[in-house]
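Thanks for making time this morning. I would like to take a few minutes to go through one model with you, so please have a look at the sequence and the structure first.

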Amino acid sequence: MAGEIVITGGAGFIGTTLARQLVDAGHSPLVIDSLHPQVHKRPGRPERLPEGVELWPFDVTVPSGWDALLKLVRPSAIVHLAAETGTGQSLSEATRHGSVNVVGTTQLLDALTRADHVPDHLVLSSSRAVYGEGAWEVDGEVYYPEARSHDQLAAGQWQCEDSSGRIGAPIPAVAGETRTEPTNIYAATKLAQEHIFKAWGAARGAAVSVLRFQNVFGVGQALDNPYTGVLSIFTAQALKGETLNVFEDGEILRDFVYVEDVASAVAASLASPPERARTLDIGAGSSTTILETAQTIARLAGAPEPSVSGAFRDGDVRAASCSITAAQEVIGYEPAWSLTRGLEALVDGAREVLDRS
């Protein structure tokens with residue numbers, strides 16, 4: 001039945017990939033998306049949205065859109081992807097991020113209450129950003145470093161020290177074990193979403209899955225949005241023959257996970273809902289430095305060797321990765337895309353897009 005699964009933000013990068021996977025599996029998802037021009041430069045229905053998928057173009061913060069939809073559709077599951085995602089942008093546009101990410105979530109839940117409908121399953125796309133700098137270890141001791149200040153970064157003090165000034169190594173995040181300590185507004189709003197969904201789900205009897213995505217990349221990610229993922233920005237620049245500007249000392253660590261794997265994790269979660277609530281980390285299960293990744297992109301695109309500039313972005317964390325063991329055990333998640341394979345696909349796909357523009 002059309003609308004059995006509703007995907008908010010479903011016309012975006014992850015949403016269109018998920019919609020295609022669900023259609024291929026025999027579902028008929030319904031998509032909600034505001035089609036914000038920062039993401040959707042061209043007017044009209046996004047090309048990547050599968051044919052036959054119903055699109056409702058409204059903003060999740062607007063109650064009337066929800067009320068109209070829920071008069072016609074009683075979804076068994078809602079995948080909540082709609083969000084503002086700019087880490088740096090969130091520091092200068094905090095109200096925008098709070099409105100979409102927090103108020104948009106509460107508007108969704110209030111509309112369900114007005115419609116007297118409780119979906120069987122709510123799935124939230126959260127973020128590795130909720131961990132902040134995460135847990136680190138030095139000489140067998142675990143510590144949680146404070147967020148790096150602007151003055152520290154301006155002085156080139158990139159590392160995360162413990163209270164004694166020792167520099168350790170980051171520990172992959174594990175939901176339920178690693179403390180959540182957001183270092184930017186975006187991360188704080190994502191953690192708020194988690195709490196809101198879990199509280200409502202517990203009170204209303206809806207199962208809740210919180211999926212904390214690592215850095216998602218792949219074909220279909222916007223190439224001209226300055227607040228999108230760094231790899232798509234690098235790819236667009238490299239294909240134009242530009243020298244990639246690598247921040248800090250190039251040793252920032254990230255777990256880059258391909259979009260098809262992320263969508264498959266959401267689909268697997270939908271296929272196997274929890275009894276009450278769960279939180280799972282979704283990544284590739286390995287990490288690499290920004291410099292190494294930039295070098296691979298430059299090589300694939302035939303661009304010059306990247307330059308390590310010492311530039312920085314306030315609110316960024318030094319290292320982010322996760323253990324995917326729980327996701328493997330609970331929903332059978334198994335990432336199929338290596339970083340190299342994903343980067344090859346990203347460069348090829350971006351080349352096609354730029355050739356057409």
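This is a predicted model: local features need pLDDT of at least 70, side-chain atom pairs count only at pLDDT 80 or more; totals for chains, interfaces and linings use all residues.

Let me begin with helix 4, which covers residues 94-114. Helix 4 does bend, by about 30°, and the bend is placed at Val 103. As for burial, where I count a residue as buried under 20% relative accessible area, the buried residues of helix 4 include His 97, Val 100, Asn 101, Gly 104, Thr 105, Leu 108 and Leu 112. In general, an α-helix has 3.6 residues a turn, so residues three or four places apart point the same way. Just after helix 4 we come to Asp 116, which takes a positive phi of about 55°.

Turning to the sheet, three strands make up an open, antiparallel arrangement in the order 7-6-8. Strand 7 (141-143) and strand 8 (169-170) are the edge strands, each of them pairing on one side only. Strand 6, residues 136-138, is joined to strand 8 by two bridges, and Glu 137 stands opposite Ala 169 of strand 8.

Finally, the second largest pocket holds about 150 Å³ of space. Which residues line the second largest pocket? Among them are Tyr 144, Pro 145, Arg 148, Gln 152, Cys 160 and Asp 162, and by class the lining has four nonpolar, three polar and four charged residues.

Key: Residues are numbered from 1 along each chain as its sequence is written. Side-chain values use heavy atoms; hydrogens and water are left out. On a 1 Å grid over the protein atoms alone, a cavity is a set of points where a 1.4 Å probe fits but cannot get out, and a pocket is an open set with protein on both sides within 12 Å along at least five of seven lines; lining residues have an atom within 4 Å of a point. Grid points are joined across faces, edges and corners, and a volume is the space filled by probe spheres set on the points. Ala, Val, Leu, Ile, Met, Phe, Trp, Tyr, Cys and Pro count as nonpolar, Asp, Glu, Lys and Arg as charged, and the others, Gly among them, as polar. Helices (H or I, at least four residues) and strands (E, at least two) are DSSP runs, numbered from the N terminus. The expected span of a helix is 1.5 Å times one less than its number of residues. The bend at a residue is the angle between axes fitted to the seven residues ending there and the seven starting there. Buried means under 20% relative accessible area, exposed over 50%, partly exposed in between (1.4 Å probe, protein chains only). Two strands pair if DSSP finds at least two bridges between them.
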